[in-house]
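This report describes one protein chain. Please read it alongside the sequence and the coordinates.

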Amino acid sequence: MPCLLFRAGNRFLAWSVTPLTARNNPVRRSSPGDIVVPMKLTPLALAVSFCLSAATPAPPVRGLHLSAPSADDLPLALRFIREALPKEGVNALVLEFNYNFQFTRRPEVAEPGGLTAEQVKTIAAACREAGVRLIPQINLLGHQSWAKRTAALLRAHPEFDETPGKYPQNEGIYCRSYCPLHPQVHDVVFDLIDELADAAGADAFHVGMDEVFLLGDDDCVRCKGKDKAELFAQEVRTLNDHLALSKRTMWMWADRFLEGVTTGMGKWEASANGTEGAISRVPKDIVLCDWHYDRALPTAEYFAVAGFPVLSAPWRKPDVALAQLDAIRRVRTHATAGIADRMQGVLQTTWAGMGPFARAYFGEPASNANVAEALTTFRALFRELRAMDGR
Ligand SMILES: [Zn+2]
């Protein structure tokens, strides 16, 4: 324990004053390893408190987000799961498949070359052996195209498009969306979720839902004129209700619940089309993945106060990732249990495929600057998380 006192210098020294404030606020937090600290300020009590504060454990969720591997990269992906993830302390792996999976219930929506159910089961087995929770992802509602390429759902079912016939070649838009009010869209989407989640043996599923710009379009006969916050909230509830049937927890990106104009956060990491009001209309058992890549904004605290479990999600700037972790540590140390326990941890994003990221991790030259920077950030963040646990 004494070694922990001095490992991080001033940061832990600052925590030694917590008993002073705790005297007037005795019910503080309940994370494993911490102890409520109403106590008299004797030298012994201060010393004990100093040790306990220094020993505040890392938050429970230490996640990594990657794109699903190609079939050719599957052996490397399995090695990465077995060797790298336990060593680094990763305990949750979000794998973004989108439609890169050989769906058998909806084969028309399978992108060519995606993994089979049997291959995903080998990933799931490796994760179980490594003590890692595997959480598959399909990005739903928005992100149904990228540049000129429309993704498999709207290629196979153009009738689900929120803006059918508009924006040829996807010119002039960021990404297509499906229409959340199309009467058949969820029959298909639910089949996709269930088949992928079953193959992954998952108890949680990430539905994406970030950066939804096309919503309630004036040319959609079903959505025209409807409140965008309610359209968004309804889709969140619909997906969450479906996952609840199989007792799965829903994870999603959090940006549409933030107001981006007056806050200055902008339309990417927050909303400029009025969806932020949805936050009060969705269940609070959804895990919000609060991505911010350039600044450590106080939004995880906002979601925690609002009642949601939340993960801070950095990308390629170590200082931002560590500042986000500092915020998590500060809240988990000082806030009420009701708030502190909702600051669940981190989800390191990479915006890289599992193969390229794993190759760089194992020492090959990074395939591009993004991979190198994400890897550097990942190493810095997880080094600090391990330090919090005395590893
Ligand atoms: Zn619509």
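**Model and confidence**

This is a predicted model, in which local features need pLDDT of at least 70, side-chain atom pairs count only at pLDDT 80 or more, and totals for chains, interfaces and linings use all residues. Residues are numbered from 1 along each chain as its sequence is written. The predictor's confidence in each residue is given as pLDDT, from 0 to 100. The average over the chain is a pLDDT of 89, and 86% of the residues score at least 70. Residues 1-42 have a pLDDT below 50, and this stretch has 65 contacts in the model beyond near neighbours in sequence. Residues 48-53 also stay under 50 in pLDDT; for them the model has 16 contacts beyond four places in sequence. Two residues are in contact if their C-beta atoms, placed from the backbone, lie within 7 Å.

**Overall make-up**

The chain has 14 helices and 10 strands. Helices (H or I, at least four residues) and strands (E, at least two) are DSSP runs, numbered from the N terminus. Of the 391 residues, 45% count as buried. A residue is buried if 20 or more other C-beta atoms lie within 10 Å of its own, exposed if 12 or fewer, and partly exposed in between, with C-beta atoms placed from the backbone. Among contacts with a separation of 6 or more, 71% are between residues 24 or more positions apart.

**The barrel**

In the order β1-β2-β3-β6-β7-β8-β9-β10, 8 strands close into a barrel with parallel pairing. Direction ignored, neighbouring strands of this sheet are turned by 25 degrees against each other on average. Two strands pair if DSSP finds at least two bridges between them. Two of the pairings are set out here.

| Strand pair | Sense | Bridges |
|---|---|---|
| β2 (residues 92-96) and β3 | parallel | 5 bridges |
| β6 (residues 204-208) and β7 | parallel | 3 bridges |

Within β3, Leu134 is the bridge partner of Leu93, and Pro136 is that of Leu95. Strand β3 (residues 133-140) is mostly covered, with 7 of its 8 residues buried. In β7, Met250 is the bridge partner of Phe205. Strand β7 (residues 249-253) is mostly covered as well, with 4 of its 5 residues buried.

Val61 lies in strand β1 (residues 61-67). Val61 counts as buried because 20 other C-beta atoms lie within 10 Å. Leaving out residues up to four places away in sequence, Val61 touches Ala92, Leu311, Gln344, Gly345 and Val346. Val61 and Val346 are 285 residues apart in sequence, yet their C-alpha atoms are 6.2 Å apart in space.

**The nonpolar core**

A nonpolar core is a set of buried Ala, Val, Leu, Ile, Met, Phe, Trp, Tyr and Cys residues joined through C-beta atoms within 7 Å. The largest one holds 110 residues, of which Leu93, Leu134, Phe205 and Cys289 touch the most other members. Helix α8 (residues 185-200) supplies the largest share of this core, 9 residues. Cys289 touches Trp251, Met252, Trp253, Ala254, Leu311, Ala313 and Leu347, not counting residues up to four places away in sequence.

Helix α10 (residues 299-306) packs against helix α11 (residues 318-334) at an angle of about 35 degrees, and their axes are 10 Å apart. Axes are lines fitted to C-alpha atoms, for helices over the stretch in contact, and angles run from 0 to 180 degrees between N-to-C directions. Ala300, Glu301 and Ala304 of α10 meet Ala327, Ile328 and Val331 of α11. By class, this contact has 5 nonpolar, no polar and 1 charged residues. Ala, Val, Leu, Ile, Met, Phe, Trp, Tyr, Cys and Pro count as nonpolar, Asp, Glu, Lys and Arg as charged, and the others, Gly among them, as polar.

The buried residues in α10 include Thr299, Ala300, Glu301, Phe303 and Ala304. Their cover includes β8 (287-291), β9 (310-313), α11, α12 (337-340) and β10 (343-348). Gly307, with a positive phi near 110 degrees, follows α10.

Helix α13 (residues 354-361) is largely enclosed by the rest of the structure, because 6 of its 8 residues are buried. These are Met354, Gly355, Pro356, Phe357, Ala358 and Ala360. The cover over the buried residues of α13 includes β1, α5 (74-88) and α14 (369-388). After α13 comes Gly363, whose phi is positive, near 110 degrees.
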